[in-house]
Amino acid sequence: MSRVEKGLARRYRQERNFKRLGLGAILLGLLFVSFLFISIFANGYTAFQQTFIKLDVFYDPEMIAPVGETDPDVLSAGNYGGLVKATMRELFPSVTNRRDKKKLYGLISTGAAFQIRERVMQDPSVIGQRESMWVPADDDVDMLIKGHIDLNLPESDRRIKDDQLSWIQGMQEDGRVEKRFNTTFFTAGDSREPELSGIKGAAVGSFFTLLICLAISFPVGVAAAVYLEEVAPKNRWTDLIEVNINNLAAVPSIVFGLLGLAVFINFFGLPRSVPLVGGLVLALMTLPTIIIASRAALKSVPPSIREAALGVGASPMQTITHHVLPLALPGMLTGTIIGMAQALGETAPLLMIGMVAFIVDIPGGAMDPSAVLPVQIYLWADSPERAFVERTSAAIMVLLAFLISMNLLAVWLRKKFERRW
Amino acid sequence: MHTSTLIIVLLGLMSLAYYLGRKRSLNLVSGRVRDLHSLPSYYGLHTALWCGIPAILLLVVWISFEGSVVTSLVVDSLPQETQNLPSERLNLVLNDIRNLATGDIVSTTVDENMQQAADHYARLQSISHMAMFVAALSLAILAGFIAHRSISRQQRARNRVEKAVNFFLLSSSTLAIFTTIGIVLSVLFESLRFFQQIPVTDFIFGLEWSPQTAIRADQVGSSGVFGAIPLFAGTFLITLIAMVVAVPIGLLSAIYMAEYAGRHFRSLAKPVLEVLAGIPTVVYGFFAALTVAPFFRDMGASLGLGVSSESALAAGVVMGIMIIPFISSLSDDVINAVPQAMRDGSYGLGATRSETIRQVIIPAALPGIVGGVLLAVSRAIGETMIVVMAAGLSANLTANPLEAVTTVTVQIVTLLVGDQEFDSAKTLAAFALALVLFVITLALNMIALYIVRKYREQYE
């Protein structure tokens, strides 16, 4: 007894230490989660705002078209870039040197000319008049206003030079600089200019890809699960299928990309970087997840239901379609949503089938070339401009919001329809 | 007319066929359902299936052969000298014709012949479309009509419909097999072509990896050497770092969750940790490249160590974070599967909780834990985006985690993204690497699943 008591203090200490170790591990895990989210959020929230500059545009008939002109072809051919430059020169008449002028023009985004053209096309009667207009600032100016440019650096290392700085300060004092909600980010496709780029193209591409993926993987996955769980005889062949599905679930996703490249693109000759091929590849990839979840859902339906149905004279197929499937459906849907969330976040296989192309247009269907959200994130993460860092983080926030809501939907579905017999 | 319109029309026809078939069966017995062999809806379904399936099959076959038939007809109509061009040039010409026909930008100047060919192409295509439309619709109506006429009291409609459904179920389940066969064949064929150019032994045992093949003989630095050892070493190094991070944290948190945590803490902490599993890998990659790698670099600089900004350490640590929930949920399952009787026995002998865990539960759960770790290793080996974004591109044969290394998956991506011609050893090398990746992960999975199954049987 005394020997036991002698060691007791040491053993209790070990016990406490072990428990602390476990708690520490969990806290470390939680710390990683919060660190990841904080780092993404801190980098990204500024992207939802964009700096705009107010210009007093004189719609010069000499540069656009004569007053009263309404032919869209003539209107769209006007020299709008020159108009923006003239407006800037007018704003800072003291700038005469060629090199300085170039720096001055650099303050305004190239999108300003398109914005003015749009305005004129909409309402040709503005030609010859003067109007103030808010146009997007260049991404470097945007970064400066948001405080991402270190002004202590020597001028040569900075993207914003000293005289540009003084011009911007001058405009700020005039109330010509303002941060506004960045609608471009949600309504535009990709662009080389950070201030003109948005995620709509990628989001629409993701939508079409997921639609194709869902249309294939859900019916096929459920059918395969029903066959394996309810219909198939237990023999070598079904064992083989089962082992096969379990192994496919763990095959690296990039290998599916190579399969898509070799089969869909090289063999069947489908075009590259279209949502159709992306959806097909992702469907093959998510199929094991859906089959495994659906089988678990079918397993949880008690045998008494089947026996009762068979007992009153239903055929085996009627038993399945009328009784077992409706009861297993919530579980199957939960598995499918989780599989779709996986597919939405997947990048590597899509790189293999060429979905990394630079695509400006917003896709109109499953056969138009497009990007998807995670690939857009990858592309922006590779871009050197500082302004793309915050846009990458913002795109990640949008992607995570989609994923989290899908997962919440799955949890809600499980909570609402889960039945225990 | 668009193919999708055709499909919608077909669906409409199918529902019409369902309605008519059902009605006819009811009319036959003047509403007395018990005189029919099957329920009326089965007669409807039977008619609808006959109406839809042959037409859809025809559609699939037509679409898959339409392109090549039309193209060969257009080629026949081209002038003789164009037809004699080598196949790549001919393909370029055809591409231009196709673009011209659809009104896109064309790479060369448009001449008389080309315009003619494009018109011919457009004409053929519209004829083919019209013919497909007519053929599919008439087949649907004809087959539906015959099925409709064949309805009788004794017709075994239910059995036929069920047979069709059964066939669909069976073919769905074999898709998994076809996927595997597809993966093996597509990877294997290209790999064999690669090994015709580069000997297998050079590939597996070579110490130098530099896939750029020289275009000119005197070019520097593009030797085209395909020795994959540095890639395997880099993959191994990053996987090792990931496991060093993930296994202790994942295992300890699983133990705490299963043995110590109260219900409330468990219901709170478990979903949060599972959030880590749901985050896309591209997000981890961005996190590694933007936050973790500079952090390690600055820390190394303040300690006087030269840490590369694409160090294996950063990629490995972030990959470890990604794998934590994987290990913890798998270990949680196996720890919970250890029978309560074993715990009670240990407590009865006077062991503390931690002693029970270390000396009874962990040994009992070890096979399951090992299986889980092996699955995690196979995931780490196949993980792509984190290493593509955070690890290096140049193949370094080093064991120093502070230097940049490259991995198998990074090389597959860099070899295949961008311009590629399908005959060069450079592109084919990606498929050889994928073959290695597939074989290794497959072997790991097989072993892991075998261990886990054996373990489960032990306690059931």
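**Note on a predicted two-chain model**

1. The domain assignment of chain A gives two parts, domain 1 covering residues 52-181 and domain 2 covering residues 200-417. Taken over C-alpha atoms, the centres of domain 1 of chain A and domain 2 of chain A are separated by 46 Å.

2. Chain A has a radius of gyration of 30 Å, whereas a compact globule of 421 residues would have one near 22 Å. Along its principal axes, the C-alpha trace of chain A spans about 90 × 75 × 40 Å.

3. Of the 421 residues in chain A, 43% are buried. When contacts in chain A between residues at least 6 apart in sequence are considered, 78% of them join residues at least 24 apart.

4. The contact between the chains draws 68 residues from chain B and 63 residues from chain A. On the side of chain B that touches chain A, the largest share, 20 residues, is supplied by helix H6 of chain B, which runs over residues 157-197. That side of chain B is made up of 43 nonpolar, 21 polar and four charged residues.

5. For Ile386(B), leaving aside its neighbours within four places in sequence, the contacts are Thr281(B), Tyr284(B), Gly285(B), Ala288(B), Ala315(B), Val318(B), Met319(B) and Met322(B). As background, nonpolar side chains in soluble globular proteins tend to be buried together.

6. Pro339(B) lies in the loop between helix H11 (312-337) and helix H12 (340-348) of chain B. Is Pro339(B) buried or exposed? Pro339(B) counts as exposed because it has 10 C-beta neighbours inside 10 Å, and the cut-off for an exposed residue is 12 or fewer. Pro339(B) and Ala364(B) are 25 residues apart in sequence, while their C-alpha atoms are 9.5 Å apart in space.

Methods. Residues numbered from 1 in each chain as written. Chains lettered and ligands numbered in written order. Predicted model: local features only at pLDDT ≥ 70, side-chain atom pairs only at ≥ 80, totals over all residues. Contact = placed C-beta atoms within 7 Å. Helix = DSSP H or I, 4+ residues; strand = E, 2+ residues; numbered from the N terminus. Nonpolar A, V, L, I, M, F, W, Y, C, P; charged D, E, K, R; others polar. Rg over C-alpha atoms; globule rule 2.2 N^0.38 Å. Buried ≥ 20, exposed ≤ 12 C-beta atoms within 10 Å, placed from the backbone. Domains from an automatic or database assignment.
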